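Trainee: Good morning. Could we go through this chain together?

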Amino acid sequence: SAVSLPPGQPTRVKFTIRVDSPGDHGGYIEIDHDSFEPDNKRYFSFLIPEKINVLAVSQSADRMDPVNLALGRREAGQVDFEGIDISELLRKDLRQYNVILLNDINSLDASRESAVRRFVESGLGLFVILGRNADSGFWTKFLPTITGGIEVGAMAGKQGEYLIWDNFDFEHP
């Protein structure tokens with residue numbers, strides 16, 4: 001793609017690419033020649049794993065049903081999913097997973113908080129579903145400390161409130 005950039009101004013440009021195969025991929029972004037050549041090209045790389053290993057953690061097994069319906073199917077494709085109760089989290093070798101999904105967890109005690117923090121700081125993914133049982137006060141304080149500043153927005157509501165989705169993007173992978 002060719003893009004015209006204004007001189008001396010930070011500019012965001014969105015590129016859309018489709019990668020059809022798992023594995024290591026890379027590329028570069030290059031600007032036209034200017035008076036300082038060494039900074040004209042930037043390389044990047046990313047990995048698309050064969051399977052995305054997801055550890056879904058819920059307060060109890062009966063609260064895992066919605067997650068199981070979404071991820072525990074063959075149609076989920078490249079997702080290997082395991083669902084556990086929060087009580088089992090510290091017994092798992094978290095290095096086996098690419099993503100931890102925390103489903104409607106009230107809050108985390110210090111040891112589980114530390115385990116999740118180490119997981120995220122090692123570069124792996126965290127997906128948090130704040131349901132009706134989640135303590136929004138805890139998550140509002142905890143999430144920005146491990147996500148580089150991502151905050152729980154105003155939509156989190158108050159204790160005991162929850163969101164109901166009425167619109168879905170069926171094309172999203």
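This is a predicted model: local features need pLDDT of at least 70, side-chain atom pairs count only at pLDDT 80 or more; totals for chains, interfaces and linings use all residues.

Trainee: Which residue forms a salt bridge with Lys92?

Mentor: The partner is Glu82, and the closest N and O atoms of the two are 2.5 Å apart. Lys92 sits in the loop between β4 (79–85) and β5 (99–103), while Glu82 belongs to strand β4, so the pair ties together parts that are 10 residues apart in sequence. Glu82 is partly exposed as well, with 27% relative accessibility.

Trainee: Why do such side chains pair?

Mentor: Side chains of opposite charge can pair when their charged atoms come close.

Trainee: How many salt bridges are there?

Mentor: The count comes to 5 salt bridges. One of them joins the side chains of Asp20 and Arg18, with 2.7 Å from N to O.

Trainee: Are Asp20 and Arg18 buried or exposed?

Mentor: Asp20 counts as exposed at 63% relative accessibility. Arg18 is exposed too, with a relative accessible area of 73%.

Trainee: Which residue pairs with Glu113?

Mentor: Glu113 forms a salt bridge with Arg117, and their closest N and O atoms are 3.4 Å apart. Both residues lie in helix α2 (residues 110–121), 4 residues apart, which means that about one helical turn separates them. Glu113 is partly exposed at 22% relative accessible area, and Arg117 is partly exposed at 23%.

Trainee: Let us stay with α2. How many residues does α2 have, and what distance does it reach?

Mentor: Helix α2 has 12 residues. From its first C-alpha to its last it reaches 16 Å, close to the 16 Å expected at 1.5 Å a residue.

Trainee: Which residues of α2 are buried?

Mentor: The buried residues in α2 are Arg112, Ala115, Val116, Phe119 and Val120. Seen down the axis of α2, its buried residues fall within an arc of 130°, so they line one face of the helix.

Trainee: What do the buried residues of α2 pack against?

Mentor: They pack against β5, β6 (125–129) and α3 (136–146).

Trainee: And which exposed residues does the face turned away from the buried side of α2 carry?

Mentor: That face carries Ala110, Arg118 and Glu121, which are exposed.

Trainee: What follows α2?

Mentor: Gly123 follows α2, and its phi is positive, near 100°.

Trainee: Where is Asp104 found? And is Asp104 buried or exposed?

Mentor: Asp104 is in the loop between β5 and α2. At 9% relative accessibility, Asp104 counts as buried.

Trainee: Now the whole chain, please. How many helices and strands does the chain have?

Mentor: There are 3 helices and 6 strands. Starting at the N terminus, the order of elements is β-β-β-α-β-β-α-β-α.

Trainee: What share of the chain do buried residues make up?

Mentor: Of the 173 residues in the chain, 21% are buried. The chain exposes about 12800 Å², and carbon and sulfur atoms supply 52% of that area.

Trainee: One last topic, contacts. What share comes from residues 24 or more positions apart?

Mentor: Among contacts in the chain with a separation of 6 or more, residues 24 or more positions apart account for 62%.

Terms used: Residues are numbered from 1 along each chain as its sequence is written. Side-chain values use heavy atoms; hydrogens and water are left out. A salt bridge is a side-chain nitrogen of Lys or Arg within 4 Å of a carboxyl oxygen of Asp or Glu. Buried means under 20% relative accessible area, exposed over 50%, partly exposed in between (1.4 Å probe, protein chains only). Helices (H or I, at least four residues) and strands (E, at least two) are DSSP runs, numbered from the N terminus. The expected span of a helix is 1.5 Å times one less than its number of residues. The arc is that of the directions from the helix axis to the C-beta atoms. Contact means heavy atoms within 4.5 Å. Accessible areas come from the Shrake-Rupley method with a 1.4 Å probe; for residues, only the protein chains shown count as cover.
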